[in-house]
Structures are given as C-alpha cells and as structure tokens.
Amino acid sequence: MAKQRVLTGITTTGTPHLGNYVGAIRPAIAESQRGEFDAFFFLADYHALIKSHEPAKVHQSSREIAATWLALGLDTDSTTFYRQSDVPEITELSWILTCVCAKGLMNRSHAYKAAVQANEENGDDPDFGVTMGLFSYPILMAADILMFNASKVPVGRDQIQHIEMARDMAQRFNHLYGDTFILPEAVVDDVAVLSGLDGRKMSKSYGNTIPLFLPEKKLQKHINKVKTNLLEPGEPKDPDSSTVFEIWKAFATPAEAVGMRQKFADGIAWGQAKKDLFELINTQLAPARERYEAILADGEFLEAELKKGAEKARAQAAPMLAKVRKAVGLAAFQ
Ligand code: TRP
C-alpha cells in the first residue's frame with residue numbers, strides 16, 4: 001500500500017527558535033527518518049508576503065529555515081522539501097480554488113477577523129492594513145495542500161480552521177466538477193509547546209524567543225535571561241512552574257529530567273540551573289549548529305537541494321493541475 005502523504009508548510013518569516021525546534025522541526029524530522037509517511041515539507045514563502053513587506057527579511061528567513069532543516073538531518077531523498085514559489089502550479093490552483101470558494105467562508109477566517117477586531121478596538125477603519133493576501137490566504141493554503149493530495153496535515157491549533165476550509169473547498173470543487181481532491185485532515189500535536197524568556201509561549205510575536213542556532217556565547221546570554229523567581233540558593237524550587245525546568249525537560253533524557261527535578265527540590269541556585277541548561281542544549285545542538293553555519297553560507301548547496309525538491313513537487317503538481325484545468329473547462333482545442 002502507498003504510504004500516507006503528510007504535508008506541512010513553514011511560513012518564512014523570522015529565525016527558527018527553540019520552540020519551533022521542539023514543537024515542530026524535531027518531531028517532523030524524526031518522523032521523516034522513520035520513513036512511515038510520504039512527507040512533503042515546504043517553505044511557505046508566498047505566505048511570508050502576507051506578513052512581511054521587507055524583501056531582505058523574507059529572503060533571509062527562507063535561507064535560515066532551509067539551512068536549519070537540512071542541518072538537522074532532513075533526508076531530502078526520502079522526503080520532498082521545496083520552496084512554494086518554485087512551484088508555480090500552486091498559485092494557479094489557488095486562483096481556480098478562489099473561484100469556487102465562497103466569500104462568506106473567508107469572512108469567517110480567524111486571522112482576518114482578528115485583524116478587523118484589532119482595527120475596531122483602535123478606532124480605525126475595519127479594513128485598515130488588511131490586504132487581499134491576508135483575507136484570502138486560506139485559499140492559498142488549500143492550494144498548498146490539495147495540490148498534492150495530502151491526507152494528513154500537521155499544524156498548530158491556530159491552523160485547524162484553515163484545514164477545515166481546505167476540506168470545504170475540496171468538497172465544493174468535487175461536487176461541481178467531479179471527484180478530484182482528497183479531503184485533508186489536520187493533525188494537531190500540542191504536547192510540545194515551549195515557554196519563552198518571559199514565561200509566555202515562545203513566539204516571535206512576543207519577542208521572547210531563544211533562536212535555535214545562536215553562537216555559544218549568545219545562547220548562554222539568552223538562557224541567562226529566562227525568567228525565574230527570587231528564591232535563593234538552598235531554597236527548594238518548584239520545577240513544574242519553572243521555565244528553566246520546562247526547557248530542560250524538552251532536551252533531557254527522562255533520567256536527566258528526574259535528576260534535575262531532584263536538584264530543584266534540593267534548592268539548586270538559579271544561576272547553576274541555567275548553567276546546566278546551557279550546557280545540555282549547547283552540547284546537543286553544537287554539531288548541527290556547525291553544519292548550519294556551513295550550509296547557510298553555501299547558497300549553491302541550498303539551491304541544489306531546493307531545486308531537487310521543486311522538481312519532485314512539480315512532477316506531482318503538473319499532472320494534478322492538468323486534471324484540474326480540464327475539469328473546469330480549460331483545455332486545448334482539438
Ligand atoms: N499557514 C501556516 C502557518 O502559519 C503555514 C502553512 C502554509 C501551511 N501553507 C500550509 C501549513 C499548508 C500546513 C499546510 O503555520
């Protein structure tokens with residue numbers, strides 16, 4: 001039996017951080033190495049244009065994200081790893097889906113509604129700063145998924161609605177033009193949410209991240225900034241309400257987690273706990289960080305890897321798009 005196809009996109013804004021690593025990148029790469037699924041991973045660079053109008057940042061982020069996945073051991077032969085903008089079939093499909101997607105469906109999109117609500121709260125015009133890209137981005141996302149007939153889509157909780165919208169669009173299309181698309185399902189795994197420097201969820205939008213491949217000294221500085229309380233050395237500390245412990249647990253073996261739990265009970269000083277945390281993370285990440293630096297500087301290698309992925313993706317996308325075009329009446333005259 002053919003392997004199930006799993007697909008997910010990474011919007012290319014920002015620099016990968018420990019939260020991305022623990023919550024998304026590490027499990028995705030581990031799963032791809034087990035080889036149970038036919039995995040598609042892509043740099044969602046068209047999506048980046050919705051959030052950022054800064055070309056240098058969009059470009060740099062794509063490069064960093066690609067180098068990160070490659071440095072961490074993604075196998076680009078057994079998976080399909082590509083840049084969305086290298087597969088023009090996707091934007092073509094996006095238009096065709098735009099023509100079957102009800103506007104009312106997009107009106108209900110959380111991302112759009114949140115922008116409108118923020119405007120209303122500020123006394124601005126409801127559509128202030130809202131581009132058509134933001135409004136209709138669930139359609140582009142549906143094209144990303146339906147193009148490759150992906151059945152499972154690993155995403156964060158905030159993205160579930162978009163997968164449901166993709167299903168809606170697929171159903172609508174299938175109803176109008178005959179069975180064409182598989183209905184995708186979201187796979188949500190929210191065990192691995194990591195807290196950031198201030199104790200809230202680690203997120204670029206909170207400015208509380210620890211970038212994944214910081215140079216050693218800077219990594220140490222960031223870890224020193226993780227928020228703690230005022231308990232003195234020797235006073236017992238509660239591991240379960242501590243961000244230091246939470247991050248420790250995300251990198252430690254179960255035995256190391258038990259060991260640190262004991263040290264907290266024994267009153268380890270915050271300075272020492274952070275030093276231990278730095279050493280744990282640094283040792284684990286050092287080899288990948290070295291590969292990351294090398295890959296980041298090697299544009300030719302990055303291009304070759306992504307071109308390889310784009311070729312594989314287009315080999316799937318082209319026949320699918322041909323089928324879709326024919327279904328809707330865009331066919332050559334005989
Ligand atoms: N919108 C997703 C996010 O912000 C990224 C994304 C774009 C994606 N296209 C996708 C995820 C297709 C899964 C499938 O996280």
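His222 is located in helix H10, which spans residues 216-224. The structure is a predicted model.

**His222**

- With a relative accessibility of 17%, His222 counts as buried, because the cut-off for that class is under 20%.
- Leaving aside residues up to four places away in sequence, His222 touches Leu197, Thr209, Ile210, Pro211 and Leu214.

**Residues around the ligand**

- The ligand is surrounded by 14 residues, of which Gly9, His47, Met141, Asp144 and Gln159 are the closest.
- Sorted by class, this shell holds eight nonpolar residues, five polar residues and one charged residue.

**Polar contacts and cover of the ligand**

- In the side chain of Gln159, an N or O atom lies 3.1 Å from a nitrogen atom of the ligand.
- The side chain of His47 likewise has an N or O atom placed 3.4 Å from a nitrogen atom of the ligand.
- For Thr11, a polar side-chain atom is found 3.4 Å from an oxygen atom of the ligand.
- On its own, the ligand has 370 Å² of accessible area, and the protein covers 89% of this.
- Two or more residues of the shell around the ligand come from each of these elements: strand S1 (5-11), strand S2 (38-44), helix H8 (137-146) and strand S4 (152-155).

How values were computed. Residues are numbered from 1 along each chain as its sequence is written. This is a predicted model: local features need pLDDT of at least 70, side-chain atom pairs count only at pLDDT 80 or more; totals for chains, interfaces and linings use all residues. Side-chain values use heavy atoms; hydrogens and water are left out. A residue is near a molecule or strand if one of its heavy atoms lies within 4 Å of it. A polar contact is a pair of N or O atoms within 3.5 Å; within protein, one must be able to donate a hydrogen and the other to accept it, and residues adjacent in sequence count only if both atoms are side-chain atoms. Accessible areas come from the Shrake-Rupley method with a 1.4 Å probe; for residues, only the protein chains shown count as cover. Helices (H or I, at least four residues) and strands (E, at least two) are DSSP runs, numbered from the N terminus. Ala, Val, Leu, Ile, Met, Phe, Trp, Tyr, Cys and Pro count as nonpolar, Asp, Glu, Lys and Arg as charged, and the others, Gly among them, as polar. Buried means under 20% relative accessible area, exposed over 50%, partly exposed in between (1.4 Å probe, protein chains only). Contact means heavy atoms within 4.5 Å.
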